[in-house]
Amino acid sequence: MLDTVSAALAGIAQEMHRANVIRVQQLFAEQLDRSISDPLLADALSTLSGISEDKRRQMLFANRQYSLILLAYRVGVIDRGELLGDLKVLSRNSVFAEYWQRTAEHRRLMPEESLESRTGRAVDAVMDQRLDDLEEWWVVGPESEVASD
């Protein structure tokens, strides 16, 4: 009986934690949305310098998309394979690739074992693979040209 009650309380605590994570992420997303639509707020929220208003909005939106995918994983909506797959698809976007490059120092400041840091290392590997794929395409050329040889 006591074990059942203890397990039920642990389950409730876990669900409350997930609900709190989701709520905090909602607040973060609301702030990002406001800063995307208002350049004055974007200046207050963004840590990137030397970029135009439009580029800042794109970087904030890329951050928002990345955060959304990370949240989906954090609360169990997607598994690790889906997380990496979604991030691999996102990495093909040039705006996200630029965002990722510009925010590398931010990720280096994260605790090494945090979800953000571990995920960042995985995305770094995906980005390196992406660059390798682009370089290979550049050397070999499109498949249609290779097939005609």
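1. The contact between H3 and H5 involves Lys55, Gln58, Met59, Ala62, Asn63 and Tyr66 on the H3 side, and Val95, Phe96, Glu98, Tyr99, Trp100 and Arg102 on the H5 side. Contact here means heavy atoms within 4.5 Å. By class, the residues of this contact are seven nonpolar, two polar and three charged. Ala, Val, Leu, Ile, Met, Phe, Trp, Tyr, Cys and Pro count as nonpolar, Asp, Glu, Lys and Arg as charged, and the others, Gly among them, as polar.

2. This is a predicted model, in which local features need pLDDT of at least 70 and side-chain atom pairs count only at pLDDT 80 or more, while totals for chains, interfaces and linings use all residues. Residues are numbered from 1 along each chain as its sequence is written, and side-chain values use heavy atoms, with hydrogens and water left out.

3. The axes of H3 and H5 are 9 Å apart and the helices pack at an angle of about 90 degrees. H3 and H5 are therefore roughly perpendicular. Axes are lines fitted to C-alpha atoms, for helices over the stretch in contact, with angles from 0 to 180 degrees between N-to-C directions. Angles under 35 degrees count as roughly parallel, over 145 as roughly antiparallel, 65 to 115 as roughly perpendicular and the rest as oblique.

4. H3 also packs on helix H4 (residues 80-91), where the axes come within 9 Å and cross at roughly 170 degrees. That angle makes H3 roughly antiparallel to H4. H3 contributes Gln65, Tyr66, Ile69, Leu70 and Tyr73, and H4 contributes Arg80, Leu83, Asp86, Leu87 and Leu90. Seven nonpolar, one polar and two charged residues make up the contact of H3 with H4.

5. How many aromatic pairs does the structure hold? There are five aromatic pairs. Rings of Phe, Tyr and Trp (its six-membered ring) pair if their centres lie within 6.5 Å; planes under 30 degrees apart count as stacked, over 60 as edge-to-face and the rest as tilted. The ring centres of tyrosine 66 and phenylalanine 96 are 6.3 Å apart and the planes are at 40 degrees, so this pair is tilted. Tyrosine 66 is in helix H3 (residues 53-74) and phenylalanine 96 in helix H5 (residues 94-102), 30 residues apart.

6. For tyrosine 66 and tryptophan 100, the ring centres are 5.2 Å apart and the planes at 70 degrees, so the pair is edge-to-face. Tyrosine 66 and tryptophan 100 are both buried (under 20% relative accessible area; exposed is over 50% and partly exposed in between, with a 1.4 Å probe and protein chains only). Ring pairs join Tyr66, Phe96, Tyr99 and Trp100 into a cluster.

7. The charged end of arginine 107 sits over the ring of tryptophan 100, 3.5 Å from the ring centre. The criterion is NZ of Lys or CZ of Arg within 6 Å of the ring centre and within 35 degrees of the ring normal.

8. Serine 67 lies in helix H3 and is buried, with a relative accessible area of 12%. Neighbours within four places in sequence aside, serine 67 is in contact with Gln25 and Phe28.

9. Overall, the protein chain has eight helices and zero strands. Helices (H or I, at least four residues) and strands (E, at least two) are DSSP runs, numbered from the N terminus. Of the 149 residues of the protein chain, 30% count as buried.
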